[in-house]
Amino acid sequence: VLQRMERLARQDITPAQACAFEPEIRERYVALRDRAEPAIVSNALTLTPDNLKHLERKYARNNREFEKDWIRPSPAEQMDRRIKLVTERMDTLYGSVSDAQRAAIRQQLEATSFPAAEVLAERKRRQQETLALLQRLTTQAIPLDEARKEVRGLMERFTASADPARRAYQQAVVQDACRLIAAVHNAATPPQREHAAQRLRGWQRDLQELSSAS
């Protein structure tokens, strides 16, 4: 995947070309999730009441941070924060975002919305679902196969929501991201594109070294 990205890095791309990588990346995420599942289940079965209380407090703390960053600020402040976060990520790939790329980022983000309140509500719902499952696994005599099935179902629902409206939102986010990536990349200068190609090649070497080490 990174090799194909590297080949595209030196040319203009369309949103469709950017989105073509999404199914493959999702497929690899699912493979990683499946590989991690036995360890997740084993650890979940050993959690204590204190562990669950700690997790619940951590969720509450994270939610307060989200509210501070995304609920309380004005729309203009939220937009500035969105631009800052995207710019920082693009800096990683291109070395430094240009004025033209920064303008493309703003234009693309202003054409989309970030429903912070809905995102927070969904986040809390998932947290409560997770805590409820962990409570069952640690207090009831659930067979291992059933426990694995429960955990797998939870992770699958996080990947693809059972709610049609939520799935539609997730797909819209992907399409928005593809348009953003294409617009920012097409505004890149030849040196920036070369930097991106070199960074993608470096990530390939990193993965090869990690694979050899394992």
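**Exercise 1. Decide whether Q204 counts as buried or exposed, and find what its side chain meets.**

Q204 has a relative accessibility of 12%. Buried means under 20%, so Q204 counts as buried. Bear in mind as you work that this is a predicted model.

Leaving aside residues up to four places away in sequence, Q204 touches L2, Q3 and E6. With E6 there is also a polar contact, side chain to side chain, of 2.9 Å.

**Exercise 2. Work out how α4 and α7 are oriented to each other.**

Start with the general idea: two packed helices are described by the angle between their axes and the distance between the axes.

Here the helices are α4 (residues 49-71) and α7 (residues 116-139); their axes come within 11 Å and cross at roughly 175°. Angles over 145 degrees count as roughly antiparallel, so that is the description for α4 and α7.

Now look at who takes part. On the α4 side, the residues include L52, Y59, F66 and W70, and on the α7 side they include V119, L120, L131 and L134. By class, this contact has 12 nonpolar, six polar and four charged residues.

**Exercise 3. Find the aromatic pairs and say how their rings are arranged.**

There are two aromatic pairs to find. Take F66 and F114 to begin with: their centres are 6.4 Å apart and their planes form an angle of 55°, a tilted pair. F66 sits in helix α4 and F114 in the loop between α6 (99-110) and α7, so the pair ties together parts 48 residues apart in sequence. F66 is buried, at 8%, whereas F114 is partly exposed, at 27%.

The other pair is W70 with F114, at 5.1 Å centre to centre and 65° between the planes. An angle over 60 degrees counts as edge-to-face, so that is its class. W70 lies in helix α4, so this pair links parts 44 residues apart in sequence. W70 counts as buried, with 11% relative accessibility.

Putting the pairs together, F66, W70 and F114 form a cluster linked by ring pairs.

Technical notes
Residues are numbered from 1 along each chain as its sequence is written. This is a predicted model: local features need pLDDT of at least 70, side-chain atom pairs count only at pLDDT 80 or more; totals for chains, interfaces and linings use all residues. Side-chain values use heavy atoms; hydrogens and water are left out. Buried means under 20% relative accessible area, exposed over 50%, partly exposed in between (1.4 Å probe, protein chains only). A polar contact is a pair of N or O atoms within 3.5 Å; within protein, one must be able to donate a hydrogen and the other to accept it, and residues adjacent in sequence count only if both atoms are side-chain atoms. Contact means heavy atoms within 4.5 Å. Axes are lines fitted to C-alpha atoms, for helices over the stretch in contact, and angles run from 0 to 180 degrees between N-to-C directions. Helices (H or I, at least four residues) and strands (E, at least two) are DSSP runs, numbered from the N terminus. Angles under 35 degrees count as roughly parallel, over 145 as roughly antiparallel, 65 to 115 as roughly perpendicular and the rest as oblique. Ala, Val, Leu, Ile, Met, Phe, Trp, Tyr, Cys and Pro count as nonpolar, Asp, Glu, Lys and Arg as charged, and the others, Gly among them, as polar. Rings of Phe, Tyr and Trp (its six-membered ring) pair if their centres lie within 6.5 Å; planes under 30 degrees apart count as stacked, over 60 as edge-to-face and the rest as tilted.
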